[in-house]
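Here is a short briefing on one helix and the sheet beside it. Have the sequence and the 3D view open as you read.

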Amino acid sequence: MAVDDECKLKFLELKAKRNYRFIIFKIESQQVVIEKLGSPEETYEEFAASLPADECRYAVFDYDFITSDNCQKSKIFFIAWSPDTSRVRSKMVYASSKDRFKRELDGIQVELQATDPSEMSFDIIKSRAL
């Protein structure tokens with residue numbers, strides 16, 4: 001599975017420059033490409049709503065939070081979105097190429113596997129960030 005250079009470039013911009021809140025990736029013609037870039041102002045709810053209900057995707061989300069000792073922090077989540085309603089072949093392709101793709105994105109801090117929206121709720125994001 002090839003990874004478009006634009007994927008790595010935009011991920012570096014998210015990580016270093018904070019140009020984006022999230023990036024949604026999809027596999028198209030045996031290559032991982034960018035489907036959507038979320039602006040820094042977009043919320044987690046807008047990110048979650050951008051994921052298709054019946055198709056697999058990879059996504060990264062930059063979560064900002066304040067620790068109990070009042071420090072501003074951020075964690076980059078990698079989310080493997082594989083809804084139960086997606087096609088079996090699609091789930092297999094995404095599952096088999098996930099680790100290779102994730103290695104291309106240096107700086108992932110937390111990984112989530114989600115098959116329905118409840119598995120990647122904002123409460124889960126908050127609890128996994130600490």
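β1 and β3 pair in the parallel sense, over 2 bridges. Within that pairing, Val3 has Val32 of β3 as its bridge partner. The model is a predicted one.

**The sheet**
- The sheet is open and has 6 strands, in the order β1-β3-β2-β4-β5-β6. Its pairing is mixed.
- β1 and β6 (110-114) are the edge strands, and each pairs on one side only.
- In general, strands of a sheet pair through backbone hydrogen bonds, either parallel or antiparallel.

**Helix α1: length and placement**
- Helix α1 covers residues 5-17, which makes 13 residues. At 1.5 Å a residue it should span 18 Å, and its end C-alpha atoms are 18 Å apart, so the two agree.
- α1 lies across β1, β2, β3, β4 and β5. It runs at about 35 degrees to β3.
- Just after α1, Arg18 takes a positive phi of about 60 degrees.

- Cys7, Lys10, Phe11, Glu13 and Leu14 are the buried residues of α1.
- Seen down the axis of α1, these buried residues fall within an arc of 155 degrees, so they line one face of the helix.
- An α-helix has 3.6 residues a turn, so residues three or four places apart point the same way.
- The cover over the buried residues of α1 includes β1 (2-3), β2 (22-28), β3 (31-38), β4 (57-66) and β5 (72-81). Helix α3 (88-104) is also part of that cover.
- Asp5, Ala16 and Lys17 are exposed on the other side of α1.

Key. Residues are numbered from 1 along each chain as its sequence is written. This is a predicted model: local features need pLDDT of at least 70, side-chain atom pairs count only at pLDDT 80 or more; totals for chains, interfaces and linings use all residues. Side-chain values use heavy atoms; hydrogens and water are left out. Helices (H or I, at least four residues) and strands (E, at least two) are DSSP runs, numbered from the N terminus. The expected span of a helix is 1.5 Å times one less than its number of residues. Buried means under 20% relative accessible area, exposed over 50%, partly exposed in between (1.4 Å probe, protein chains only). The arc is that of the directions from the helix axis to the C-beta atoms. Contact means heavy atoms within 4.5 Å. Two strands pair if DSSP finds at least two bridges between them. Axes are lines fitted to C-alpha atoms, for helices over the stretch in contact, and angles run from 0 to 180 degrees between N-to-C directions.
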